[in-house]
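Hello,

Here is the structure I promised to pass on. Please load it first, then read the notes below it.

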Amino acid sequence: MSRVNEPLATKRRPDWAALVIAICLFAVAAVMLWDAFHMKAIAQYARIGPATAPKVVAFGLIGLGVWTIFEAWRGEFPEREHQEVAPVVWVVAGLAAQMLLLKTAGFSIATGILFAFTAAGFGRRKLWLSIPAGIAFSFVVWVIFAKLLQLTLPAGPFEHIFF
C-alpha cells in the first residue's frame with residue numbers, strides 16, 4: 001500500500017528516540033574500537049588476539065546502529081506505551097546508593113538497599129520489611145561468594161560481626 005494517498009495526519013514521523021538509541025550505539029562502538037585499536041599487540045602467529053572480540057562486537061553495534069537509523073527514519077516502529085518514571089527512579093536510586101555505600105557499609109547492606117529500592121520500584125513499598133530481607137539475602141550471597149568460593153567482595157560492619 002502506498003503512503004502517498006494517505007492523509008497527512010496518519011503519516012508517521014521519524015522516531016527521534018530510536019535515532020538517539022542509534023547515536024548511543026555508535027558511541028559505544030566508537031569507544032570499543034578506540035580501546036581495541038589501542039591494545040598492546042602480543043607477538044603471536046595467529047591473527048586472532050585479545051582485540052578481536054571487541055572489534056567484532058563494535059562492528060556488530062555499528063550494524064545495529066545503521067539498521068536502527070533506517071527503521072527510525074521510516075517511522076515504522078510500533079507505538080510505545082507510556083513510561084512510568086517513578087519505578088525507574090527507584091531502581092536508579094538503589095544502584096546509586098549501592099555504589100556509594102559499597103566500600104563503607106559493605107556488600108550486604110549496600111546490596112540489601114538496592115534490593116529494597118528495586119522492590120519498591122516494582123510496587124513493594126514496605127521498606128521496613130524489604131531492607132532487612134534484602135540485607136539477609138545479600139549476606140547469604142556474600143557468604144557463598146566470599147567464604148565458600150574465596151572471591152573478594154567488600155566486607156562491612158555487618159560482615160565483620162559474623163566473620
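This is a predicted model: local features need pLDDT of at least 70, side-chain atom pairs count only at pLDDT 80 or more; totals for chains, interfaces and linings use all residues.

Val140 belongs to helix α5, which covers residues 127–148. The relative accessible area of Val140 is 46%, so this residue is partly exposed. The cut-off for exposed is over 50%, and buried means under 20%.

In soluble globular proteins, nonpolar side chains tend to be buried together.

The largest nonpolar core has five residues: Leu25, Ala29, Leu33, Ala58 and Leu61. Two elements, α1 (16–37) and α2, each give two or more residues to this core. The top contributor is α1, with three residues. Leu25 is one of the core residues. Leaving aside residues up to four places away in sequence, Leu25 touches Leu61, Leu64, Gly65 and Thr68.

Now the charges. How many salt bridges does the structure hold? There is one. The partners are Arg74 and Glu71, with 3.3 Å between the closest N and O atoms. Both lie in helix α2 (residues 52–74). They are three residues apart there, so about one helical turn separates them. Arg74 has 43% relative accessibility and therefore counts as partly exposed. Glu71, at 21%, counts as partly exposed too. The limit for buried is under 20%.

Best wishes

Note on methods:
Residues are numbered from 1 along each chain as its sequence is written. Side-chain values use heavy atoms; hydrogens and water are left out. A salt bridge is a side-chain nitrogen of Lys or Arg within 4 Å of a carboxyl oxygen of Asp or Glu. Helices (H or I, at least four residues) and strands (E, at least two) are DSSP runs, numbered from the N terminus. Buried means under 20% relative accessible area, exposed over 50%, partly exposed in between (1.4 Å probe, protein chains only). A nonpolar core is a set of buried Ala, Val, Leu, Ile, Met, Phe, Trp, Tyr and Cys residues joined through side-chain atoms within 4.5 Å. Contact means heavy atoms within 4.5 Å.
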